[in-house]
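Subject: A structure to look through

Dear colleague,

I am handing over a structure that I would like you to open and read alongside this message. Please keep it in view while you go through the notes below.

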Amino acid sequence: MDKIIVRGGAELSGTIQIAGAKNACLALMPATLLSEEPLTLTNAPRLSDIATMGALLASLGVEVSRLQDGKVVALSSHALSSHVADYEIVRKMRASNLVLGPLLARTGQAVVSLPGGCAIGARPMDIHVTALEALGATIELREGYLHAEARGGLKGARIDMRFPSVGATENTMMAAVLAKGTTVIDNAAREPEIVDLAQCLVAMGAYIDGAGGPTITIEGVDRLHGATDAVVPDRIELGTYMLAPAIAGGSVDLIGGRIDLLGAFCEKLDAAGIDVTQTDTGLRVARRNGTVRAVDVITEVFPGFPTDLQAQMMALLCTADGKSVLEERIFENRFMHAPELIRMGARIDVHGGVAEVTGVPRLKGAPVMATDLRASVSLILAGLAAEGETVVNRVYHLDRGYERVEHKLGACGARIERVSE
Ligand code: UD1
């Protein structure tokens with residue numbers, strides 16, 4: 001398995017191109033199941049999670065091809081051959097559950113494996129199930145699989161989500177676009193990936209109003225047609241690379257970066273003493289003066305501070321001036337990077353969902369273990385400013401969500417290499 005070796009201490013300077021959003025692309029790809037006509041996605045990221053979704057769709061009979069060096073995903077669902085999302089694929093990636101809504105809407109039946117435990121928490125699917133049942137589906141759990149049926153078709157309904165789940169909102173939107181009548185989703189997720197999915201579905205002929213706000217209204221149509229859609233820039237990749245010059249010093253331009261994708265995160269960077277400026281091409285990030293100040297962070301649903309940037313933010317705060325308190329409110333087990341950062345000399349106390357980070361002047365390189373996607377990259381970020389060598393083992397998680405991380409950071413002067421074993 002590959003590992004990444006980082007030799008800390010080099011200031012960064014240069015530009016990084018931000019790729020299309022993994023999480024948006026993972027929701028857009030299953031939208032192909034809703035139409036017999038082709039769906040083409042441009043600005044797709046080249047990541048193993050995208051390949052996994054491609055393999056899942058192919059197992060359902062979708063024709064999947066990658067064009068233009070992988071940046072374009074061409075999908076055609078003119079002849080579906082299966083409605084079963086197998087455990088062997090779903091267990092690799094929870095987002096596989098996003099085929100449930102569109103399969104049910106198109107074929108009246110879907111059998112989707114439950115994803116099983118995940119490194120960052122239990123991650124149940126009750127909100128997906130309740131919403132689809134409200135649309136008239138019958139859903140049973142048998143032998144680890146959700147068996148969903150709506151033989152007579154789905155019917156629009158008013159759905160009040162108990163929590164604004166991103167995946168459940170996406171599944172419900174994809175089911176409701178082909179349901180008879182009007183669906184209203186209250187307490188819907190408001191993430192930019194939801195807006196991106198709504199734009200794509202509208203381009204395919206759906207009627208959707210209010211995406212990006214708490215109430216989404218959908219008028220069902222009989223059929224959707226083909227479309228071409230561009231994937232929104234990846235706000236989590238953006239935030240991750242914004243933290244690189246904040247941690248290592250220097251100045252980096254992030255091409256394609258937009259403050260509106262990361263408002264709450266940018267406010268915290270400002271409070272920590274990091275300047276973020278909008279340029280003609282994206283965002284420029286640099287420290288305001290030499291020091292980074294401690295800040296308190298609470299993860300929340302959009303537009304709050306994203307849970308997917310909590311680990312990376314912790315890497316910054318490990319060497320900040322003072323004590324920071326990070327509270328994780330989205331996932332119950334998302335501080336697995338803390339013990340690894342402690343191995344690098346960080347001072348972190350975790351009590352339940354709260355981590356207290358007391359800044360130290362410098363971290364020290366160490367062999368560390370990546371436990372999940374965002375944890376892996378937080379260890380690389382920490383290594384950028386650490387004294388000596390940091391070896392991040394088990395980096396397969398990293399390739400799920402970051403395109404060529406060693407090239408992107410290396411081009412800005414980071415001393416980073418991938419070693420294959
Ligand atoms: C998506 C993102 C993930 C991000 C998360 C929160 C994708 C592919 N992944 O995941 O990177 O960290 O949003 O921003 O887009 N929950 C339930 N029951 C449900 C569904 C969710 O209790 O039926 C809980 C989860 O356990 C979790 C919280 O709700 O504690 C948030 O989950 P959700 O918004 O659904 O996240 P995902 O869509 O899985």
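What follows is a description of some sheets, helix contacts and single residues.

The model is predicted, so local features need pLDDT of at least 70 and side-chain atom pairs count only at pLDDT 80 or more, whereas totals for chains, interfaces and linings use all residues. Residues are numbered from 1 along each chain as its sequence is written, and side-chain values use heavy atoms, with hydrogens and water left out.

An open sheet and the helix on it

Helices (H or I, at least four residues) and strands (E, at least two) are DSSP runs, numbered from the N terminus. Two strands are said to pair if DSSP finds at least two bridges between them. With that in mind, please look for the open sheet of four strands, which come in the order 2-15-17-16 with mixed pairing. Strand 2 (12–17) and strand 16 (274–278) stand at the edges with a single partner strand each, so one side of each has no neighbour in the sheet. From one strand to the next, the twist averages 15°. Inside the sheet, strand 15 and strand 17 (residues 282–287) run antiparallel and are joined by five bridges, and V252 has V285 in strand 17 as its bridge partner. Helix 8 (residues 235–248) packs on this sheet, touching strand 2, strand 15, strand 16 and strand 17, and its direction makes about 30° with that of strand 17. For such angles, axes are lines fitted to C-alpha atoms, for helices over the stretch in contact, and the angles run from 0 to 180 degrees between N-to-C directions.

Is D253 buried or exposed? D253 counts as buried because its relative accessibility is 16%, where buried means under 20% relative accessible area, exposed over 50% and partly exposed in between (1.4 Å probe, protein chains only). Leaving out residues up to four places away in sequence, D253 touches G14, T15, I16, T279, L283 and R284, a contact being heavy atoms within 4.5 Å. By comparison, K155 is 98 residues from D253 along the chain, and their C-alpha atoms are separated by 48 Å.

Two helix contacts

Helix 5 (residues 126–134) and helix 6 (residues 166–176) pack at an angle of about 25°, with their axes 8 Å apart. These two helices are therefore roughly parallel to each other; angles under 35 degrees count as roughly parallel, over 145 as roughly antiparallel, 65 to 115 as roughly perpendicular and the rest as oblique. In this contact, I127, H128, A131 and L132 of helix 5 meet G167, A168, N171, T172 and A175 of helix 6.

Helix 6 also packs with helix 7 (residues 192–203), at an angle of about 10° and with the axes 10 Å apart, which makes helix 6 roughly parallel to helix 7. Here V166, T169, E170, M173 and M174 in helix 6 meet E193, I194, L197, A198 and L201 in helix 7.

Strand 9 (residues 145–149) pairs with strand 7 (residues 109–113) in the antiparallel sense over five bridges, and V111 stands opposite H147 in strand 9. Strand 8 (residues 138–142) also runs antiparallel to strand 9, with five bridges joining them. The hairpin of strand 8 and strand 9 has two residues between the strands, and E143 takes a positive phi near 50° in that hairpin.

Strand 21 (residues 354–358) is joined by five bridges to strand 19 (residues 323–327), running antiparallel, and by five bridges to strand 20 (residues 347–351), again antiparallel. V357 in strand 21 stands opposite S324 and is also the bridge partner of I348. In the hairpin of strand 20 and strand 21, with two residues between the strands, G352 takes a positive phi near 60°.

A buried serine

Lastly, S376 lies in helix 12 (residues 373–385). Its relative accessible area is 1%, so S376 is buried. Apart from residues up to four places away in sequence, S376 touches A370, V392, H397 and L398.
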